Amino acid sequence: MHQFETFIINTKELFDKLVWFETQIETDLLSLDLETDSEIEKKANIYGMGLAFTDKKAFYIVWRDKSGQIIWNDSERTSILDWLRSMVSKRKIIGHNILYDTLVLENNFGIIIDDNIYADTILMKHTL
């Protein structure tokens, strides 16, 4: 049976472990999925970010709590966004309806991933 682990990232210590893990992997692929509060890209607030670099581990960075408050202080937010901006620029990004996530990342954080999109599983599904 295939072992798969999911890790919830909601503290600075856990985020630091994620950063360390990301530096150790050899793949250039990234599966990305955002959880938001709206289907409309310009209105959507990010509640969390799902990331997977391999088929064995997935990470979910909690961004907001259930009430909509960002859980990170200013310094932590800056660290996470700097890492995210750098990390996505080095990877081939795979997503499901990645156009939506692309627009939400740009609207929320100013992060542009257009040049790094590798595959969209929703388009693959429709193509098949």
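Contact here means heavy atoms within 4.5 Å. The structure is a predicted model. By that contact rule, and leaving aside neighbours within four places in sequence, Asp-101 is in contact with Leu-32, Asp-33, Leu-34 and His-96. Asp-101 sits in helix α3. Asp-101 is buried, yet has no salt bridge. The nearest side chain of opposite charge is that of Arg-64, 13 Å away. Arg-64 itself lies over the face of Tyr-47, at 5.9 Å from the ring centre.

The nonpolar core was examined next. In soluble globular proteins, nonpolar side chains tend to be buried together. The largest nonpolar core of this model has 31 residues. Leu-18, Phe-53, Trp-83, Leu-84 and Phe-109 have the most contacts inside this core. Six elements each supply at least two of its residues: the helices α1 (12–24), α2 (74–89) and α3 (98–109), and the strands β2 (29–36), β3 (46–52) and β4 (57–62). The largest share, six residues, comes from α2. Leu-84 touches Met-49, Leu-105, Phe-109 and Ile-111, with residues up to four places away in sequence not counted.

Aromatic pairing was then considered. A pair of aromatic rings is described by the distance of the centres and the angle of the planes. The count comes to six aromatic pairs. In one of them, the ring centres of Phe-15 and Trp-83 are 5.5 Å apart. Their planes stand at 85°, so this pair is edge-to-face; the cut-off for that class is over 60 degrees. The pair links distant parts of the chain, with Phe-15 in helix α1 and Trp-83 in helix α2, 68 residues apart. Both Phe-15 and Trp-83 are buried.

Trp-63 and Phe-109 also form an edge-to-face pair, because their planes are at 65° and their ring centres 5.0 Å apart. Trp-63 lies in the loop between β4 and α2, whereas Phe-109 belongs to helix α3; the pair therefore ties together parts that are 46 residues apart in sequence. Trp-63 is buried, with a relative accessible area of 2%. Phe-109 counts as buried at 12% relative accessibility, because the limit is under 20%. Phe-109 is also among the residues with the most contacts inside the largest nonpolar core, and Leu-84 touches it.

A further aromatic group was found. Phe-7, Phe-21, Phe-53 and Phe-59 form one aromatic cluster. Of these, Phe-53 is listed among the residues with the most contacts inside the largest nonpolar core.

Note on methods. Residues numbered from 1 in each chain as written. Predicted model: local features only at pLDDT ≥ 70, side-chain atom pairs only at ≥ 80, totals over all residues. Heavy atoms only, no water. Core = buried A, V, L, I, M, F, W, Y, C linked by side-chain atoms within 4.5 Å. Buried < 20%, exposed > 50% of the residue type's maximum accessible area, 1.4 Å probe, protein only. Helix = DSSP H or I, 4+ residues; strand = E, 2+ residues; numbered from the N terminus. Lys, Arg positive; Asp, Glu negative; His and termini not counted. Salt bridge = Lys/Arg side-chain N within 4 Å of Asp/Glu carboxyl O. Phe/Tyr/Trp six-rings, centres within 6.5 Å; stacked < 30°, edge-to-face > 60°. Lys NZ or Arg CZ within 6 Å of the ring centre and 35° of its normal.
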